[in-house]
Amino acid sequence: MNKTLCNLIRAYSTRHNYKSDLSKHSKQVYSGIQPTSIPHLGNYFGAIKQWIDIQNKQTKDHNPLIISIVDLHAMTVPQDPRILNDYIYKCAATLLSCGIDPERTILYQQSRVPYHGQLSWILGCRVTVPQLSRMHQFKSKSDGLTEVPLGLFTYPVLQAADILLFRGTHVPIGEDQLQHLELCRNIAEKFNNAYATEFFPIPVPIESEFTRLKSLRDPKKKMSKSDPDAGSRIELVDPADKIEKKIRKSVTDSMRLVSYDPKARPGLSTLIDLEAACTDLLPEEIAERCLLQATDKAEYKKHVTKVLVDHLRPIQNKYLKLMNDKNYLDCVLDEGARKANLIAEKNFFDICKIIGSR
């Protein structure tokens, strides 16, 4: 990881002071991504780059990083079957294009491991309605709905099952999912206490502050896949002309020259953060260069566009090749499901013995 990302991302955060005795458990990093759209730059710098860094640092003695394409979570809101299937392939192709190596990482599709749903039921029997009602994401996503889907209410339990099925100890996660991880920790503790066991580790987060990359259209909000305005984000496969248009129309402020001030100038500072993440420069170094060159915003937006297009070109070239080779993507997902099922089947059998159903 270059010095920019080291400064922009505080990967192993201690500000929430999560504590767990993981000495009796093998380290297992687990994460997931929803196949509801193409990952954007916030996902890339805040999560995917972090996964690649974890993957590349692990040795043969360690458990491989596990990444799930969580199609069951995507179904909490209605999905067109053809579009969902297409996005599963696109999600896999994007991750592989960015550097996820299926020889070193278990990349699989969630619904192809049936133990997720079974463990979710077992764990859900120990979760209360008030607990789930307090989830901020549920309150936000159900606000204004006349009829709330049950999946929207219970998906934090499935999320806990995802992690605990593989006895995950470390979970790369954004701030918006921390409350769900806290619920997962609570569920694991309740299970262990109820059955006088230490089978489940109490997972801790690997946090990334870079997930808070701001929307290009509204700097008060974070960049999000769910934002209905596609101009709010740069997707990893956006062509050059689309990137140029989105950057040109990005909301900044009335000041002409370029400076870095995330609080006073969040829109422009987001553009600087994007250049910093793509290069080996710090935001302050970029701002100083712009000041010395008297670079105005219009010029700087053109420069950022070029930086992004150049940075994404190799990813996009590989992505196009992969999307033209669905057989290879099927092989990757087949092998990932096989490896994931081997681990999940053993763990689930042990869980069933603990609860008395075996």
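## Burial and basis of the model

A residue is called buried when its relative accessible area is under 20%, exposed when it is over 50%, and partly exposed in between (1.4 Å probe, protein chains only). By this criterion, 52% of the 358 residues of the chain are buried.

The model is predicted: local features need pLDDT of at least 70, side-chain atom pairs count only at pLDDT 80 or more, and totals for chains, interfaces and linings use all residues. Residues are numbered from 1 along each chain as its sequence is written, and side-chain values use heavy atoms, with hydrogens and water left out.

## Overall architecture

The chain contains 14 helices and 5 strands, where helices (H or I, at least four residues) and strands (E, at least two) are DSSP runs numbered from the N terminus. Its radius of gyration is 21 Å, close to the 21 Å that the globule rule gives for 358 residues, so the chain is as compact as a globular protein of that length. The radius is taken over C-alpha atoms, and the rule is 2.2 Å times the number of residues to the power 0.38. Along the principal axes, the C-alpha atoms fill a box of roughly 70 × 45 × 45 Å.

Among contacts in the chain with a separation of 6 or more, 76% are between residues 24 or more positions apart; a contact means heavy atoms within 4.5 Å.

## Surface and charge

The chain has an accessible surface of about 17,200 Å², and carbon and sulfur atoms contribute 52% of this area. Such areas come from the Shrake-Rupley method with a 1.4 Å probe; for residues, only the protein chains shown count as cover.

There are 50 positive and 42 negative charges, and their mean positions are 1 Å apart. Lys and Arg count as positive and Asp and Glu as negative, while His and the chain ends are not counted. Each charge is placed at NZ of Lys, CZ of Arg, CG of Asp or CD of Glu.

## Loop residues with positive phi

Arg167 is located in the loop between α8 (150-165) and β4 (170-173). Although Arg167 is not a glycine, its phi is positive, near 50°. Its relative accessibility of 26% makes Arg167 partly exposed.

Ala294 occupies the loop between α12 (283-292) and α13 (297-323). This non-glycine residue has a positive phi of about 50°, and with 43% relative accessibility Ala294 counts as partly exposed.

## Ser142 in helix α7

Ser142 belongs to helix α7 (residues 136-142) and is buried, at 12% relative accessibility. Apart from neighbours within four places in sequence, Ser142 contacts Val148 and Leu152.
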